[in-house]
Structure formats: C-alpha cells, structure tokens
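Here is a friendly walk through one protein model, from its overall form down to a handful of residues. Please keep the structure open beside the text as you read.

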Amino acid sequence: MPKKRNESFQVLRDAVIIRKRVTQVLKFLALQAQKRLENLQIDFEHAETCEQCNSLKENIRAEKFNQWLINEECRLAASTGSELTKSLRSANTIWPAYMSEFTERRNLMNKALAACNVLQDELQYIAEAVYADKNKFTALMLDIETLFRQIKSVRQADNRFLKQIKDV
C-alpha cells in the first residue's frame, strides 16, 4: 500500500480513539450528574424543615435539567462521533479512478471535517453550560484540532489522483 493510503487509515484510527475518549468524558459527566441527583434526593428525604425541602426541591429541579442537558449532548456527540468515523471509513473505501469517485471521496472528507467542528462546538458548550472541569476538555479539543489538520492533509494529498482521473 502506498504511504498516503496508510496515512488515511491512521487518521481513521485516530478518529476512533478520539470518539472513544469523547464517549468516556461524557459518560463520566452523565454518571456524575446522576450521582449528584441521587444525593440530593437522599438529602430531600432527610430534610428537617420546609425551608430545607424547598431549597432541595429547587436544587433537584436544576440538577434534573443538567442531567437532561448532558444526556442530550451525549446523544449528539455520539451521533457526531459516529458520523466522523463513518465518513472517514467510507472515504477510505474509495480509490478514485473517475471524477465522480474523487468528488464523493472529497465530500466524505468534508463531512468528517464538519464532524470535527461539531464535536469541538459541543464539547465547548458542555464545558461552559454544565459544571464541567474545562481542563478535562482541553486536551481532547486539541486532539480534535490535530485530527482536523490530519484529515485536511489527507484530503489535500488526494489531489494526486487528479492526474490519473478518467473523464468518463
């Protein structure tokens, strides 16, 4: 296999690793939110005054919303991670001989680039909207940016196909 072909498979491998890391971070957040909600509900059961009950009810409502938000963001991030790896895997199955194949491969690479951007946006939003430790997201965001540049590099390297493309 030519070196460039190996590079595109390396990018796919890196995308799968990033997808797994995103899932792990979101799993941690979801479990953390669930635990906080359970603790608040236990506190509510043991509240001694109406004032404590009212305060805890308000906290429980806020925590339920945070849990809902995290779950929604988890669904979106999981879907986006799937789109990222699916697009890269599909692009890697195309070794273009015709312009339509070249265009399809490029469009799939573009979808993967877009998925990287969406993942970064979602992680940024989660870090700001939820009580998340932003430092947990920094390394992941940088790795997604590196993956974005790798995909662009593979996409640019695909221009080598243009010399051998058949018009028909």
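Predicted model: local features only at pLDDT ≥ 70, side-chain atom pairs only at ≥ 80, totals over all residues.

Residues are numbered from 1 along each chain as its sequence is written, and side-chain values use heavy atoms, with hydrogens and water left out.

## Overall form

The protein has four helices and zero strands, and its elements run α-α-α-α from the N terminus on. The radius of gyration is 22 Å, well over the 15 Å that the globule rule gives for 168 residues, so the protein is more spread out than a compact globule. (That radius is taken over C-alpha atoms, and the globule rule is 2.2 Å times the number of residues to the power 0.38; helices are DSSP runs of H or I with at least four residues, strands are E runs of at least two, and both are numbered from the N terminus.) Along the principal axes, the C-alpha atoms fill a box of roughly 80 × 25 × 20 Å.

Of the 168 residues, 38% count as buried, where buried means under 20% relative accessible area, exposed over 50%, and partly exposed in between (1.4 Å probe, protein chains only). Among contacts between residues at least 6 apart in sequence, 77% join residues at least 24 apart; a contact means heavy atoms within 4.5 Å.

## Helix 3 against helix 4

Two packed helices are described by the angle between their axes and the distance between the axes. The axes of helix 3 (residues 99–129) and helix 4 (residues 134–157) come within 10 Å and cross at roughly 170 degrees. That makes helix 3 roughly antiparallel to helix 4. By class, their contact has 16 nonpolar, four polar and seven charged residues. Axes are lines fitted to C-alpha atoms, for helices over the stretch in contact, and angles run from 0 to 180 degrees between N-to-C directions. Angles under 35 degrees count as roughly parallel, over 145 as roughly antiparallel, 65 to 115 as roughly perpendicular and the rest as oblique. Ala, Val, Leu, Ile, Met, Phe, Trp, Tyr, Cys and Pro count as nonpolar, Asp, Glu, Lys and Arg as charged, and the others, Gly among them, as polar.

## Residues to look at

Val154 has its place in helix 4 and is buried, with a relative accessible area of 3%. Not counting residues up to four places away in sequence, Val154 touches Glu7, Ser8, Val11, Arg105 and Met109.

Helix 2 (residues 50–92) holds Gln67, and Leu69 is found in helix 2 as well. Gln67 is buried at 19% relative accessible area, and Leu69 is buried at 8%. Leaving aside neighbours within four places in sequence, Gln67 touches Ala33, Gln34 and Leu37, whereas Leu69 is in contact with Tyr125, Ala129 and Val130.

Ala97 lies in the loop between helix 2 and helix 3 and counts as partly exposed at 26% relative accessibility. With residues up to four places away not counted, Ala97 touches Gln164, Ile165 and Lys166. Asn6, in helix 1 (residues 3–45), is partly exposed too, with a relative accessible area of 41%.

The table sets out some C-alpha separations.

| Pair | Apart along the chain | C-alpha distance |
|---|---|---|
| Val154 and Met109 | 45 residues | 8.6 Å |
| Ala97 and Asp167 | 70 residues | 9.1 Å |
| Asn6 and Asn92 | 86 residues | 9.9 Å |
| Leu69 and Gln52 | 17 residues | 26 Å |
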